[in-house]
Amino acid sequence: MKLSRKCIVMVMGAALVGLLLCGNGCKKSDEGTSAGTAKAADSVALCVKCGQFKGSDVCCKPDQATCTKCSLVKGSPGCCNIPKGAETAAICTKCGQMKGSESCCKPNQTTCDKCGLVKGSPGCCKIAKK
């Protein structure tokens, strides 16, 4: 009988420790300070097949007019901005230019009155500024 009592106490102790360890690790952050959230906030991914925002309602939608120069959807943020053969493309949410381009976050660029991004940039009035 003493053996089963010890076993029960050990199992309950292990369950309590497990509950405490798992309970703290499952909290959700309201501040969005995780690395994944911060990375997603500084750019918006574009689909390299069509030029639209990746995962949007119009991404790779059939029967959209294509640009004769770049073969992407005409008027999409990536139209004539994504180099042929690119595997990834993104727009910087701070300035609206193609992420990593020479003009990305370059100082003294004229900004759009409506959206606050660089006027005429691929993201100008196409991405929500938070």
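Predicted model: local features only at pLDDT ≥ 70, side-chain atom pairs only at ≥ 80, totals over all residues.
View 1. Residues are numbered from 1 along each chain as its sequence is written, and side-chain values use heavy atoms, leaving out hydrogens and water. A disulfide is a pair of cysteine sulfur atoms within 2.5 Å. The structure holds zero disulfides. Cys124 is likewise in no disulfide. For Cys124, the nearest cysteine sulfur is that of Cys112, 3.9 Å away. Cys124 is buried too, at 15% relative accessibility.

**View 2. Strands E1 and E2 run antiparallel.** Strand E1 covers residues 43-46, and four bridges join E1 to E2. Two strands pair if DSSP finds at least two bridges between them. Val44 has Ile91, in E2, as its bridge partner. Strand E2 spans residues 89-92 and is covered on both faces. Ala89 and Ile91 are buried on one side. Ala90 and Cys92 are buried on the other. Helices (H or I, at least four residues) and strands (E, at least two) are DSSP runs, numbered from the N terminus.

**View 3. One salt bridge joins Lys99 and Asp42.** Their side chains meet at 3.7 Å, N to O. Lys99 lies in the segment after E2. Asp42 lies in the loop between helix H2 (35-41) and E1. The pair therefore ties together parts that are 57 residues apart in sequence. A salt bridge is a side-chain nitrogen of Lys or Arg within 4 Å of a carboxyl oxygen of Asp or Glu. Both residues are partly exposed. Lys99 has a relative accessible area of 40%. Asp42 stands at 23%.

**View 4. Gln52 is buried in the loop between E1 and E2.** Its relative accessibility is 11%. Contact means heavy atoms within 4.5 Å. Neighbours within four places in sequence are left aside here. Gln52 then touches Leu46, Cys47, Val58, Cys59, Gln64, Val73, Ser76 and Pro77. With Gln64 there is also a polar contact, side chain to side chain, at 3.2 Å. A polar contact is a pair of N or O atoms within 3.5 Å; within protein, one must be able to donate a hydrogen and the other to accept it, and residues adjacent in sequence count only if both atoms are side-chain atoms. Ser76 is 24 residues from Gln52 along the chain. The C-alpha atoms of Gln52 and Ser76 are 5.3 Å apart.

**View 5. Asp63 and Ser71 have positive phi angles.** Most residues other than glycine have a negative phi. Asp63 is not a glycine, yet its phi is about 65°. Ser71 is not a glycine either, and its phi is about 70°. Asp63 lies in the loop between E1 and E2. Ser71 is found in the loop between E1 and E2 as well. Asp63 is exposed, with a relative accessible area of 84%. Ser71 is partly exposed, at 47%.

**View 6. Asp113 is exposed in the segment after E2.** Its relative accessibility is 84%. Asp113 and Cys125 are 12 residues apart along the chain. Their C-alpha atoms are separated by 9.7 Å.

View 7. pLDDT is the predictor's confidence in each residue, from 0 to 100. The protein chain averages 81, and 72% of the residues score at least 70. Over residues 24-40, pLDDT stays under 50. For that stretch the model has one contact beyond four places in sequence. The chain holds two helices and two strands. They run α-α-β-β from the N terminus on. Of its 130 residues, 28% count as buried.

How values were computed
Buried < 20%, exposed > 50% of the residue type's maximum accessible area, 1.4 Å probe, protein only.
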